[in-house]
Structure formats: C-alpha cells, structure tokens
Amino acid sequence: MSAPFDIAIVGGGIMGCATALRLADGGMTAVILDQGDLGQGASGVNAGTLSLQIKRVALMPYALRGHREWQAMGDAVGFHRTGGYTLAFTADEAALLQERQALKAAAGAPISFVSPNELFTHEPHLARKVAAASFCAEDGYANASLTGAYYRARLSAAGVPYRERQEVRDISRTQGTYDLVTPGGTIRARRILLAAGAWLRPLASHLGVDLPVRARVNTVSVTERQPPLLGSVIGHATGLLTMKQKPNGTLLIGGGWQGAGQPQDGRGQVRMDTLRPNLALAQHVVPALAKARILRSWTGFEANVPDFYPLAGSLPGLEDAFVLGCVRGGYTIGPYIGKLMGDLILGRELELPLFDPGRDFERTDP
Ligand SMILES: Cc1cc2nc3c(=O)[nH]c(=O)nc-3n(C[C@H](O)[C@H](O)[C@H](O)COP(=O)(O)OP(=O)(O)OC[C@H]3O[C@@H](n4cnc5c(N)ncnc54)[C@H](O)[C@@H]3O)c2cc1C
C-alpha cells in the first residue's frame, strides 16, 4: 500500500485549491478530491464581484488582503480593477449606505462618497435619480469561469495531484490515518481538510460532526453584448444588485436573488418570480438595459452558517481534521483565507485569526 498523503482536501473550489497551494509551499504532500471538476461549484459560477463595499465589516481585513491576492493573479483569472460605485435611490437607502460605508471605511476600506456630478461624469448611463453614491477604487471583478483552469495549472506546477469526478462517499479514521472512500479507491492521509462548500454538512457527518451549514441558491444573468454602458462595478445600497460590463460587451447581473433546489440534488433552478425583479432593478439603474436581451441565467449554491461568519479551523473533537467554508463573499476572500488555513495546518503563526468551527453559532453581532 502506498504511503499516506500528509493531507487530503475534499473540495476543489477556491477554498480547497488556495489552501493546497499554501500547504505544498510549506512542504506537505496534499491531494485534492472533487466530486466533479475543479471550480465547478460556487467558485466557478459566481458573479466574480470583488467589492470591499459589499463585505461585512468584521471580514474587511480578510477582504483587503484578498484583493491583493487577486491583483497578483491578474489576467489568468480575468482580474479587472475598475473601481466600484454603490448607489442609493431613496432617502432611506442613502441613510443605510452612509451608516454601512462609514463602518467599512473605519475598518480600513478606502470608501468615500461622491457627488452626482462626479458619478455621472464617470458613469453617464446610470439613471439620474441617484440620491447618494459611494466609491471604492479597489473594487473590480474576476472571471469565475476561469477558476478551474487557473487552479489546475497552479496545482500542476506545484506538484499537487487533484482527482476530479471522485466523490468522497465515506471517511473513517484508523491508526492515525484518515481513509477516504472514492469511486477510484480509498485515499489515505494523515490529515483531512473539508472544503466542500454547500455540501459540507453531509461530508462532516461521516466524521460524526454536525455542522449547521445551509445553502443559498444565488442567481446570476448575462446579457447579450451591449455598447459601452458601464466602466465600473455597480452595486445597490440594499445589496440586491451587482452589475459589471465585461470587455466583450456583455453585462453580468447578480445580487443574491434566490432560485430553487438543494445541493444534494445537483443543480439549482432559476425562478422567474425572483429573476424578474432582479432584472427590473438592473434596468432601473441602467435604463438603456430596456433594450438588452438576457442570454442566460443560472444558479449556484452558496453555503453559510447561522452567524454568517466563516467556518475556518479545526473540526471539534477530532485530531488533524480541519474545515474551511461558508465565507460570505468567499470568492473575494478565498485566495487569502486559504493561505491562512494552510498556515494553521502547517503550525505557523497566523497573520489574522481564523473562525472556530466549534463556536456558538446562535451568537450574533451588528
Ligand atoms: C451564484 C453565486 C454568486 C456569487 N457571487 C459572488 C461574488 O460576486 N463575489 C464573491 O466574493 N463571492 C460570491 N459568491 C460566493 C463564492 O462563490 C463562494 O463563497 C466561494 O466560491 C465558495 O468556495 P468553496 O471552495 O468554499 O466552495 P465551492 O466552490 O462550492 O467548492 C466546493 C467543492 O466541493 C466539491 N464537493 C462537495 N462534496 C464533495 C464530496 N463529497 N466529495 C468530493 N468533492 C465534493 C464540489 O464539487 C465543489 O467543487 C457567489 C456564490 C454564488 C453561488
């Protein structure tokens, strides 16, 4: 029987892949197992928005460092630092925006408010009814559909094997080694990292751990190519809209509107009753979209736990078992928090604290 890996990572999304690269850098032998292809989960279907303006205040230090990682990844992931505006259209929305952005600016995000004149000079196609607008020069986007290809190349260069279409169907521990049952055979490893996104709960149950992971079914749409309409990433004060125009002229429209379906059933479905108001809001913000046709709408599963903070640390009650997932804005933060997770597993000092998966999830904060 071959020697066990130092670590087996279940889940080849951004969390699993970013951690694997850090571990390989630290000299560990790692293997990644994915039930499908690398980056086929949330990491490959998300809206790609990298915005400090829509991050939770407590996650700002992670998001700021995440932005640096994306900048370094550059063209290979379709990174564009366009700057971003978040818009309010009513007095209530403007008050909400002022309150939220002040907290984020205090947490280190370079967010400021701009006058309507300044806004319309840069974005002349926005509706004129804007009541307030905040700006962050750091904001931008990447192309989520490049995630799998990017990490395949990086992992190969780092000598990390990845095994696709290898669903982990059972996990047990004998004599200090984890045995992971896959269709291609049993993989043995001294440590294990669960990075299975919205599928974390059934996976952790193999180890007798109940993680309160739930899934949201976010919807994203893409338009046909349009003449130049937007130069920056656009958000709405309520968080119900994100929008950007790609270099090929298409516009990507998101905002967390919910589709239907469950992770265990494979794919989610778009719901017309949530898609319509999502697109209506986009058209309200950019009136010229009235003439645009939607090419495709799709959904993806985004995991969270009741307090909406990440799961990132050791699995309670188990030796050498770790979990990473449920990060809000996880695409933005993923490349950085994956490094931190790698440092934890390597026994290194952490630059920022992680998020104990054994905590009391019912505790809330502002
Ligand atoms: C539609 C949508 C839009 C989003 N938009 C944004 C955005 O604009 N900006 C942003 O920052 N964040 C966004 N997010 C959030 C972000 O995409 C996620 O937080 C992040 O990608 C999660 O990464 P992950 O690696 O934890 O999970 P995933 O990418 O889902 O990866 C988990 C992997 O585990 C594999 N797996 C599961 N079970 C098993 C098993 N038993 N055996 C083997 N493999 C298994 C899956 O196949 C999958 O590849 C969005 C999410 C969605 C769904």
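I note the scale here: a residue is buried if 20 or more other C-beta atoms lie within 10 Å of its own, exposed if 12 or fewer, and partly exposed in between, with C-beta atoms placed from the backbone.

**Entry 1: the model.** I am working with a predicted model, in which local features need pLDDT of at least 70 and side-chain atom pairs count only at pLDDT 80 or more, while totals for chains, interfaces and linings use all residues. Residues are numbered from 1 along each chain as its sequence is written.

**Entry 2: positive phi.** F308 is not a glycine, yet its phi is positive, about 60°. I located F308 in the loop between β16 (294–304) and β17 (311–314); helices (H or I, at least four residues) and strands (E, at least two) are DSSP runs, numbered from the N terminus. R165, also not a glycine, has a positive phi of about 55°. I placed R165 in the loop between β8 (162–163) and β9 (170–174). R165 is partly exposed, with 13 other C-beta atoms within 10 Å.

**Entry 3: helix α3.** I traced α3 over residues 60–73, which makes 14 residues. From first C-alpha to last, α3 reaches 20 Å, close to the 20 Å expected at 1.5 Å a residue; the expected span is 1.5 Å times one less than the number of residues. I listed its buried residues as Y62, A63, G66, H67, E69 and W70. Seen down the axis of α3, these fall within an arc of 165°, so they line one face of the helix; the arc is that of the directions from the helix axis to the C-beta atoms. The face turned away from the buried side carries the exposed residues R68 and A72. I saw that the buried residues of α3 pack against β3 (49–50) and α9 (330–346), where contact requires C-beta atoms, placed from the backbone, within 7 Å. After α3 comes G74, with a positive phi near 60°.

**Entry 4: two domains.** I noted a division into domain 1 (5–43 + 145–212 + 306–346) and domain 2 (81–140 + 214–304), with bounds from an automatic or database domain assignment. Their C-alpha centres lie 31 Å apart. The contact takes ten residues from domain 1 and seven residues from domain 2.

**Entry 5: the ligand.** I found 41 residues around the ligand, the closest being G13, G41, G197, G300 and G330; a residue is near if its C-beta atom, placed from the backbone, lies within 6 Å. Helix α9 gives the most to this shell, with four residues. Domain 1 and domain 2 each provide at least three residues of the shell. By class, I recorded 17 nonpolar, 21 polar and three charged residues; Ala, Val, Leu, Ile, Met, Phe, Trp, Tyr, Cys and Pro count as nonpolar, Asp, Glu, Lys and Arg as charged, and the others, Gly among them, as polar.

**Entry 6: S232.** I located S232 in the loop between β12 and β13 (233–236). S232 is buried, with 23 other C-beta atoms within 10 Å. Not counting residues up to four places away in sequence, S232 touches T82, G83, G84, Y85, H122 and E123.

Definitions and conventions
Two residues are in contact if their C-beta atoms, placed from the backbone, lie within 7 Å.
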